Amino acid sequence: MTSSRVAGPVRIVGAGLLGTSIGLVLRRHGVEVSLVDASPTAVRLASEYGAGHAATDSDAPALIVVATPPDVVADVVAAEIALFPEAIVTDVASVKGSILESLESRGINLSNYVGSHPMAGRERGGAVAARADLFTGRAWIVCTRAGVSDAAVLAVRALAETCGANIIELGTEDHDSAVALVSH
């Protein structure tokens, strides 16, 4: 076990491929990880693989990683900020603009929210496809913007670095334009 710059505990919402892979890396670095998913089976599998433990009501995360499908990310981020207003929150969705617009329209304090996007994946999904080396050498985009705290950006950068990724800082619009270009 090696040390990590990630200040735990970390809560991962979404125990699929990305969430479980992040959990595996963090656990290897000795970071406490709790897991949440709409599917109890996904949490059980991710826990059995060593990605963390099922979340409890007494958890007090320093960092929350939302790894849910893009269409529910804004709702999940908003709910996590309401539950843990002091925590830093990031998501790993492939789109950023619509999520940020939705959150801003709700009037939520977003100073501790930083969108991010690891440019990694596999041909299969779910916890069963997770790998601790999924992000090694891959780009991980951190979306900086006015009004976000430096501590939040540093925490998300530390997450990406701990996962072995190469960090690229972009604004939300630049991220979405670049992803649209390479995706199509």
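Author: What follows starts with the cysteines and then turns to a pocket and to one residue of a helix. The model is a predicted one. A disulfide is a covalent bond between the sulfur atoms of two cysteines. A search of the whole structure finds 0 disulfides. Take Cys143: the closest cysteine sulfur to its own belongs to Cys163 and lies 16 Å away, too far for a bond. The cut-off for a disulfide is a sulfur pair within 2.5 Å. Cys143 counts as buried because its relative accessibility is 2%. Cys163 is also buried, with a relative accessibility of 2%.

The largest pocket holds about 220 Å³ of space. It is lined by 13 residues, and those closest to its centre are Leu18, Ala67, Thr68, Pro69 and Pro70. Two or more lining residues come from each of α1 (17-28) and β6 (113-118). Sorted by class, the lining has 9 nonpolar and 4 polar residues, and no charged ones.

Last, the helix residue. Asp75 sits in helix α3, which covers residues 70-83. Asp75 counts as partly exposed because its relative accessibility is 45%. Its side chain makes a polar contact with the side chain of Arg106, at 2.7 Å. Pro85 is 10 residues from Asp75 along the chain, and the C-alpha atoms of the two are separated by 15 Å.

How values were computed. Residues numbered from 1 in each chain as written. Predicted model: local features only at pLDDT ≥ 70, side-chain atom pairs only at ≥ 80, totals over all residues. Heavy atoms only, no water. Helix = DSSP H or I, 4+ residues; strand = E, 2+ residues; numbered from the N terminus. Buried < 20%, exposed > 50% of the residue type's maximum accessible area, 1.4 Å probe, protein only. Polar contact = N/O pair within 3.5 Å; in protein donor to acceptor, adjacent residues only side chain to side chain. 1 Å grid on protein atoms, 1.4 Å probe; cavity = no way out; pocket = protein on both sides within 12 Å on 5 of 7 lines; lining within 4 Å. Points joined across faces, edges and corners; volume = space filled by probe spheres on them. Nonpolar A, V, L, I, M, F, W, Y, C, P; charged D, E, K, R; others polar.
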